[in-house]
Amino acid sequence: MDRILIEALKVDTVIGVYDWERTIQQSLSLDLTLATDIRPAAATDDLSLTLDYAAICQRIQRFADTHQFALVETFAERLADCLRSEFSITWLRLRVRKPGAVPQAASVGLEITRGELPEATRI
């Protein structure tokens with residue numbers, strides 16, 4: 001199983017637990033690792049046979065535009081469900097960072113992994 005990477009994708013969304021956070025958009029930084037078999041696409045040079053990372057990035061921005069959550073945890077879980085469902089992704093790792101959330105840290109965030117990897121490809 002091969003892995004497609006999307007790193008440091010910036011999306012703006014309404015997110016936060018404090019009242020003032022509910023009135024502004026804040027930036028999140030996302031890193032994704034998506035498992036897929038790229039061999040059919042590579043053999044034919046056909047985009048429809050692989051995960052279209054441009055389409056995935058556009059969907060992530062639409063998701064961020066249309067949802068508001070208090071917790072980064074909820075954002076991550078719901079986004080992972082959305083991507084796995086809409087793009088038939090069997091396994092993904094999603095890291096979400098919220099820069100500036102804690103003044104003493106460059107960012108805070110979390111990493112989740114959802115789905116199953118074939119036994120031979122586990123890390």
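This is a predicted model: local features need pLDDT of at least 70, side-chain atom pairs count only at pLDDT 80 or more; totals for chains, interfaces and linings use all residues.
Residues are numbered from 1 along each chain as its sequence is written. Local features need pLDDT of at least 70, side-chain atom pairs count only at pLDDT 80 or more, totals for chains, interfaces and linings use all residues, and side-chain values use heavy atoms, without hydrogens and water.

The UniProt record, an unreviewed entry, annotates residues 4–114 as "domain: Dihydroneopterin aldolase/epimerase". Such annotations may be inferred rather than shown by experiment. The end C-alpha atoms of this span lie 15 Å apart. The span is 32% helix and 38% strand (DSSP runs of H or I, at least four residues, and of E, at least two).

Helix 2 (residues 53–66) and helix 3 (residues 72–87) have axes that come within 11 Å and cross at roughly 135° (lines fitted to C-alpha atoms over the stretch in contact, with angles from 0 to 180 degrees between N-to-C directions). The crossing is right-handed (near helix turned clockwise from the far one by less than a right angle). A55, I56, R59, I60, F63 and A64 in helix 2 meet F75, R78, L79, C82, L83, E86 and F87 in helix 3 (heavy atoms within 4.5 Å). These contact residues comprise ten nonpolar, no polar and three charged (Asp, Glu, Lys and Arg count as charged).

Strand 2 (residues 26–36) runs antiparallel to strand 4 (residues 91–99), joined by six bridges (pairing needs at least two). Here S29 stands opposite R97 of strand 4. Nine bridges pair strand 4 with strand 5 (residues 107–115), also antiparallel. L92 has R114 in strand 5 as its bridge partner.
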